[in-house]
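Reader: Hi! I'm new to reading protein structures, and I'd like a close look at a single part of this one. Could you walk me through it slowly, starting with any term I need?

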Amino acid sequence: MTEHWSIPFRPQEKEIIDRLQAEDDAQRQAGLPVSQRTRNVTRETGAFLWQAVVAHRPAAILEIGSSNGLSTMILASAAARIGGIVLGTELIPERVAQNNRQLASAGLDSVARVIAEDHRESADVHARRWDFIFIDAEKDDYLPHLQAIMPYLTPGAVVLADNVISHDCRVYQDYLRTSPHFSTFTIPLDRGVEYSVYLGEESADG
């Protein structure tokens, strides 16, 4: 079967990405509870992430909720192509270690790394401005995550949030739709991706 996308992953990247996707498929087919799954992005959402990074060419990408590293690998692959960097955050130490091993195996450890910290308390996160954010964490935390990172966004920064159709993310989405600081749109891709652009501290009418 012909795939619906073409993403030029390097062989060492594709080997890890394919393995992680297969593991996620097996977890879902086995009917494991949410607490025992890695809950990775789908193939289509992963392809969209890669292309969004290459198209927007962000210098600095922050991932909030790296899990076992599938989306981290995809973001890092795209960042390496355009000269950007990726910082992932994940609270489970074993997954942080796995992430960083995988990045090293793929030759991406000079481009990306994952830290075992909440981004809201991280000196590494607060040390710079961010041009691209990917949020894939607990859905009730989406809005607190966004509000905490807003002071560190560059005007024009892209904020993508996964699972906004498959889960109840209305609080997050309502905030974006009523904030003068964002333009936002729900993309009906797989489980839903909220695509938002940060307009800066000034309101839209100035």
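Author: Happy to! One term before the tour: a helix here is a DSSP run of H or I with at least four residues, and helices are numbered from the N terminus. Please keep in mind that this is a predicted model.

Ser-77 sits in helix α3, which covers residues 70–82. Is Ser-77 buried or exposed? Buried means under 20% relative accessible area, and Ser-77 has a relative accessibility of 5%, so it counts as buried. What does Ser-77 touch, if we leave out residues up to four places away in sequence? The answer is Phe-9, Glu-13, Trp-50 and Leu-108.

One of those partners, Glu-13, leads us to the next step, because Glu-13 belongs to the α1 side of a contact between α1 and α3. Helix α1 spans residues 11–29, and it packs against α3 at an angle of about 155°, with the two axes 9 Å apart. Angles over 145 degrees count as roughly antiparallel, so α1 is roughly antiparallel to α3. The crossing of α1 past α3 is left-handed. On the α1 side, the contact is made by Glu-13, Ile-16, Ile-17, Leu-20 and Gln-21. On the α3 side, Leu-70, Met-73, Ile-74 and our Ser-77 take part. Sorted by class, this contact of α1 with α3 has six nonpolar, two polar and one charged residues.

Now for another residue, His-126. His-126 lies in helix α5, made of residues 123–126. With a relative accessible area of 31%, His-126 is partly exposed. Setting aside neighbours within four places in sequence, His-126 is in contact with His-119, Arg-120, Glu-121 and Tyr-152. His-126 and Ala-137 are eleven residues apart in sequence, and their C-alpha atoms are 19 Å apart in space.

Finally, here is another pair of helices. Helix α6 (residues 142–149) packs with helix α7 (residues 170–178) at an angle of about 40°, and their axes are 8 Å apart. That angle makes α6 oblique to α7. Tyr-142, Leu-143, Leu-146 and Gln-147 of α6 meet Val-171, Tyr-172, Tyr-175 and Leu-176 of α7. By class, the contact of α6 with α7 has seven nonpolar residues, one polar and no charged ones.

Technical notes
Residues are numbered from 1 along each chain as its sequence is written. This is a predicted model: local features need pLDDT of at least 70, side-chain atom pairs count only at pLDDT 80 or more; totals for chains, interfaces and linings use all residues. Side-chain values use heavy atoms; hydrogens and water are left out. Helices (H or I, at least four residues) and strands (E, at least two) are DSSP runs, numbered from the N terminus. Buried means under 20% relative accessible area, exposed over 50%, partly exposed in between (1.4 Å probe, protein chains only). Contact means heavy atoms within 4.5 Å. Axes are lines fitted to C-alpha atoms, for helices over the stretch in contact, and angles run from 0 to 180 degrees between N-to-C directions. Angles under 35 degrees count as roughly parallel, over 145 as roughly antiparallel, 65 to 115 as roughly perpendicular and the rest as oblique. A crossing is left-handed if the near helix is turned anticlockwise from the far one by less than a right angle, and right-handed if clockwise. Ala, Val, Leu, Ile, Met, Phe, Trp, Tyr, Cys and Pro count as nonpolar, Asp, Glu, Lys and Arg as charged, and the others, Gly among them, as polar.
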